[in-house]
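Subject: Structure handover

Hello,

Here is the structure for your files. My notes on helices and charged pairs follow below it.

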Amino acid sequence: MATTAPERSHDAPPATPFERIGGHAGLKAIVERFYDLMDSDPAYAPLRAMHAPDLAPMRHSLASFLAGWSGGPRAWWDANPGKCMMSAHSGFAIDRAVADQWAEAMRRAITDAAPADREIADAMGDVLVRMAKGMARG
Ligand code: HEM
């Protein structure tokens, strides 16, 4: 009995946010811009001061975290089993001002990196901003 192959568009799994944002290259463009802004704009000096002098490990960690978080390769998660990002920040003195700096720098980084799929970029930005603001105490 002949079978009809389903249309490819029905068969293929939907693209993950990781794929839509441009994979590792897309995330790297955002993360590099984020830490360049944090490192150079005096508006983010308090946020910058909380971080180690060398931002290279953070550039790697955040990009790797975001890859797994958005449905891509889970290297960061495999290296940090059970680690909760919100709890991991509970030891830092994050007030509303510094959380706003993180959120603003991330929004600017997304705009400047100019991902082709702006819809998914903005959706990811919205959630990251909520996470950052949720980390503020006081
Ligand atoms: C609310 C504002 C935030 C502040 C002030 C902040 C601050 C920090 C600081 C001081 C560190 C350690 C840096 C170092 O050792 O040089 C860190 C680590 C990190 N943060 Fe944040 N952070 C914020 C929000 C976020 C958000 C929203 C995310 C994720 C979406 C995030 C992801 C990370 C990652 C992945 C690490 C490295 C941890 C690891 O890989 O073990 N941060 N953060």
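First, a definition: a salt bridge here is a side-chain nitrogen of Lys or Arg within 4 Å of a carboxyl oxygen of Asp or Glu. By that rule, Lys28, Glu32, Asp36 and Arg59 are linked in a network of salt bridges. A search of the whole structure finds eleven salt bridges.

Some ground rules. The model is predicted, so local features need pLDDT of at least 70 and side-chain atom pairs count only at pLDDT 80 or more, while totals for chains, interfaces and linings use all residues. Residues are numbered from 1 along each chain as its sequence is written, and side-chain values use heavy atoms, with hydrogens and water left out.

Helix H8

Helices are DSSP runs (H or I, at least four residues), numbered from the N terminus. H8 covers residues 96-113, which makes 18 residues. The expected span of a helix is 1.5 Å times one less than its number of residues.

Asp95 caps the N-terminal end of H8. One of its side-chain oxygens lies 3.2 Å from the backbone nitrogen of Ala97. Just after H8, Ala114 has a positive phi of about 50°.

Which residues of H8 are buried? They are Val98, Ala99, Gln101, Trp102, Ala103, Ala105, Met106, Ala109 and Ile110. (Buried means under 20% relative accessible area, exposed over 50%, partly exposed in between, with a 1.4 Å probe and protein chains only.) Their cover includes helices H3 (23-40), H4 (45-50), H5 (56-69) and H9 (118-134).

Arg33 and Asp112 form a salt bridge at 2.8 Å, N to O. Arg33 is in helix H3 and Asp112 in helix H8, 79 residues apart. Both ends are partly exposed: Arg33 has a relative accessible area of 30%, and Asp112 has 39%.

Asp41 pairs with Arg108 in a salt bridge, with the closest N and O atoms 2.9 Å apart. Asp41 lies in the loop between H3 and H4 and Arg108 in H8, so this pair ties together parts 67 residues apart in sequence. Arg108 is partly exposed, at 29% relative accessibility.

A pair within H9

Asp122 forms a salt bridge with Arg118, the closest N and O atoms being 3.0 Å apart. Both lie in helix H9, four residues apart, about one turn. Asp122 is partly exposed at 30%; Arg118 is partly exposed at 34%.

Best wishes

Definitions and conventions: Helix = DSSP H or I, 4+ residues; strand = E, 2+ residues; numbered from the N terminus. Contact = heavy atoms within 4.5 Å. Polar contact = N/O pair within 3.5 Å; in protein donor to acceptor, adjacent residues only side chain to side chain.
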